[in-house]
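Subject: Structure for you

Hello,

Here is the structure I promised to pass on. My notes on it follow below.

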Amino acid sequence: MKFTDSPVIDLKILDSHLAFHQDNGSMHVGTSVWPCSLVLVKFAERWHPQTCAVTPNPYAEILNFQNMRGVELGAGCGVAAMGLFLLGLNNVVITDIAPVMPALKHNLKRNKPVLKKSLKTAQLNWSNQDQIKSLGPPFDVVIAADVVYLEETVGPLLSAMDALVGENGVVLLGYQLRSPEAHEKFWELCGEMFDVEKVPHEHLHPEYAYEETDVYIFRKKKKL
């Protein structure tokens with residue numbers, strides 16, 4: 001890992017400061033910090049029920065993380081999970097594939113003085129049912145940011161989301177179009193499994209409202 005050759009990403013959450021080392025020379029996209037994770041966390045911070053002055057707060061229920069369990073899929077450097085941990089998601093498991101684990105663990109160690117604890121990590125291949133079961137679903141919150149970029153992983157990703165999120169839970173998705181083929185397949189299959197709410201762009205954090213990046217909230221379709 002050549003973290004020192006790549007820029008450090010700083011992220012302020014409430015009164016805390018996280019800093020993420022990247023390895024942009026790696027062959028794995030997960031060792032870089034992608035915009036969606038930043039946009040997702042800053043959206044959650046803006047509407048955090050303990051600090052948001054807007055009433056009524058349309059996101060108060062889903063962003064009140066007290067006593068909730070969370071899991072992040074394809075976490076990469078761990079930006080989203082660490083950010084939401086600082087916003088109260090104290091019980092969170094951070095997952096990715098084995099080659100990305102060194103970058104994730106490096107950044108967890110780097111930010112431990114801010115987090116004040118060691119967060120849980122687990123290897124997860126989205127098509128590995130044993131790994132999914134070992135995480136202990138259901139979860140109240142499934143986090144995913146910038147994970148839709150290969151058409152062949154769309155099916156396993158959505159199946160993993162469905163298996164991990166509880167009947168009354170939510171998927172918080174930071175999304176940017178990376179591949180037209182993956183994009184088309186993702187949204188086609190997604191509508192069959194989840195009720196989809198797109199966060200209005202004006203609800204994103206004004207300093208992190210990138211034109212090409214969106215936040216979505218998924219809920220399991222209720223069985224008739």
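First, a rule: rings of Phe, Tyr and Trp (its six-membered ring) pair if their centres lie within 6.5 Å; planes under 30 degrees apart count as stacked, over 60 as edge-to-face and the rest as tilted. Tyr-175, Phe-186, Trp-187, Phe-194, Tyr-216 and Phe-218 form one aromatic cluster.

The model is predicted: local features need pLDDT of at least 70, side-chain atom pairs count only at pLDDT 80 or more, and totals for chains, interfaces and linings use all residues. Residues are numbered from 1 along each chain as its sequence is written, and side-chain values use heavy atoms, without hydrogens and water.

Aromatic pairs

The count is 11 aromatic pairs. Tyr-175 and Trp-187 sit edge-to-face, 5.3 Å centre to centre, with 70° between the planes. Trp-187 also pairs with Tyr-216: the centres are 4.6 Å apart and the planes are at 50°, so this pair is tilted.

Buried means under 20% relative accessible area, exposed over 50%, partly exposed in between (1.4 Å probe, protein chains only). Tyr-175 is buried at 5% relative accessibility. Tyr-216 is buried at 11%. Trp-187, at 22%, is partly exposed.

Glu-72

Glu-72 is buried but has no salt bridge (a side-chain nitrogen of Lys or Arg within 4 Å of a carboxyl oxygen of Asp or Glu). The nearest side chain of opposite charge, Arg-178, is 13 Å away. The Glu-72 side chain does reach the backbone nitrogen of Ala-81, at 3.0 Å.

Best wishes

Technical notes:
Lys and Arg count as positive and Asp and Glu as negative; His and the chain ends are not counted. A polar contact is a pair of N or O atoms within 3.5 Å; within protein, one must be able to donate a hydrogen and the other to accept it, and residues adjacent in sequence count only if both atoms are side-chain atoms.
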